[in-house]
Amino acid sequence: MFKGLSTASAASIMVILAGVAIFLIVQAVPAISADWQNNPDLNSGPTGGYGDFWSYVGPLIWGTIWASFLALIMGAPVAIGIALFISHYAPRRVAGVLGYLVDLLAAVPSIVFGLWGIIVIRPFLLPLSDWLNTYLGWIPIFGGQVSTTGSTIFAGAIVLAVMILPIITSISREIFLQTPRLHEEAALALGATKWEMIRLAVFPYARSGIVSATLLGLGRALGETMAIALIISPAILVSVRMLTEGENSQTIAANIALNFPIATTLQREALIATGLLLFVISLAVNMIARWITARSAPGTVSKRKKRRITQLPPSDSATVLAADATKGPVAHRDADAAAEDEVIGDSDEVDIERDRNPEGRDQ
């Protein structure tokens, strides 16, 4: 019974995923295949002014990826640092309280983060935006006319960075705590400082977990809606500027949330088609995360590396150890048996030589 329930639960995931994909495809096909230039429904409202579907969704894809990338650049290092402090530096009581507070951030609704961004973050960033534009305005991302209200992609990315902190921090913290204690103690016994121990023992072991946590945070940022919709002053265009108003690239999720109530039937199908592209992007991010995790997991060796190791001469002790590590315990047992046979053979030769020369036994 338990096996049947487990199998049904696993199969339901595939059924739900296939159902979502089929729904999005069926709803999106009319808008994707429509003649945007001659269709009156698509020439007005939120879809007006675009020659075809791809010219409409292209800037939205860029805005989604750009905002999520900025959030990841700002949030991931801070989240990993918090996780490392909780797991290896903070006293036990402080670590417990801080971990609870970080987990509590995950329960805060998106609308609350959006209101916090409007009331607190936007005015707070105005002096910093002026400074960045004055001294670093020659860089394209800091150029242009600085916003006087703070409704910029810079403010939205900071709010997104705070929103992805709980996911990355929680997973990274658990991975750091699972590092084998013997690895850490061995590094310290060899004279490593605490930071060297973390760099040599903790980070290599937790590499795949950090990558998974970071890409899960990226998935949260890609699908975020209300915070971006409330904070930034968007436009459907391709722009890298972070400090301007009215030149912020719109995201797919925020565009759907803002325009779905006022759209006609065909316009809603166009919005659903953009959601299909967001669905594909999210699947691609998860597939890349699985691939990177499989490549960087502890103890994994690529096929090419295995082939190269087996082709090296066995006289090199490092090569023998590497080949044994890739072949598994059976190879270790065979190597031990061969070494034992070699030792026994050498002792037999010594005994035979002593029998031939009895006077040299003492030697």
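**Loops, pocket and core**

Author: Glu245 is partly exposed, because its relative accessible area is 37%, and a value between 20% and 50% falls in that class. The model is a predicted one. Glu245 sits in the loop between strand S1 (234-235) and strand S2 (248-249). Along the sequence Glu245 is 96 residues from Thr149, yet in space the two are 8.0 Å apart, C-alpha to C-alpha.

Gly143 belongs to another loop, the one between helix H4 (110-136) and H5. With a relative accessibility of 7%, Gly143 counts as buried, since buried means under 20%. Its C-alpha atom is separated by 8.1 Å from that of Met242, a residue 99 positions away along the chain.

Gly48 is found in the loop between H1 and H2. Its relative accessible area is 27%, so Gly48 is partly exposed. Gly48 and Gln267 are 219 residues apart along the chain, and their C-alpha atoms are separated by 9.4 Å.

The largest pocket has a volume of about 180 Å³. Helix H2 (53-89), helix H5 (153-177), helix H6 (181-189) and helix H7 (194-222) are the elements that give two or more residues to its lining. H6 supplies the largest share, 3 residues. The lining is made up of Ser87, His88, Phe176, Leu177, Thr179, Arg181, Glu184, Leu188, Lys194 and Met197. By type, these lining residues divide into 4 nonpolar, 3 polar and 3 charged.

Two of the helices that line the pocket, H2 and H5, also cross each other. Their axes come within 6 Å and cross at roughly 35 degrees, and the crossing is right-handed. The residues in the contact of H2 with H5 divide into 25 nonpolar, 5 polar and 1 charged.

In soluble globular proteins, nonpolar side chains tend to be buried together. Here the largest nonpolar core has 50 residues, and those with the most contacts inside it are Trp36, Ile168 and Phe176. The elements that give two or more residues to this core are helix H1 (2-33), H2, H5, H7, helix H9 (252-259) and helix H10 (265-296). The largest share, 12 residues, comes from H10.

Terms used
Residues numbered from 1 in each chain as written. Predicted model: local features only at pLDDT ≥ 70, side-chain atom pairs only at ≥ 80, totals over all residues. Heavy atoms only, no water. 1 Å grid on protein atoms, 1.4 Å probe; cavity = no way out; pocket = protein on both sides within 12 Å on 5 of 7 lines; lining within 4 Å. Points joined across faces, edges and corners; volume = space filled by probe spheres on them. Helix = DSSP H or I, 4+ residues; strand = E, 2+ residues; numbered from the N terminus. Nonpolar A, V, L, I, M, F, W, Y, C, P; charged D, E, K, R; others polar. Axes fitted to C-alpha atoms, helices over the stretch in contact; angles between N-to-C directions. Left-handed = near helix turned anticlockwise from the far one by under 90°. Core = buried A, V, L, I, M, F, W, Y, C linked by side-chain atoms within 4.5 Å. Buried < 20%, exposed > 50% of the residue type's maximum accessible area, 1.4 Å probe, protein only.
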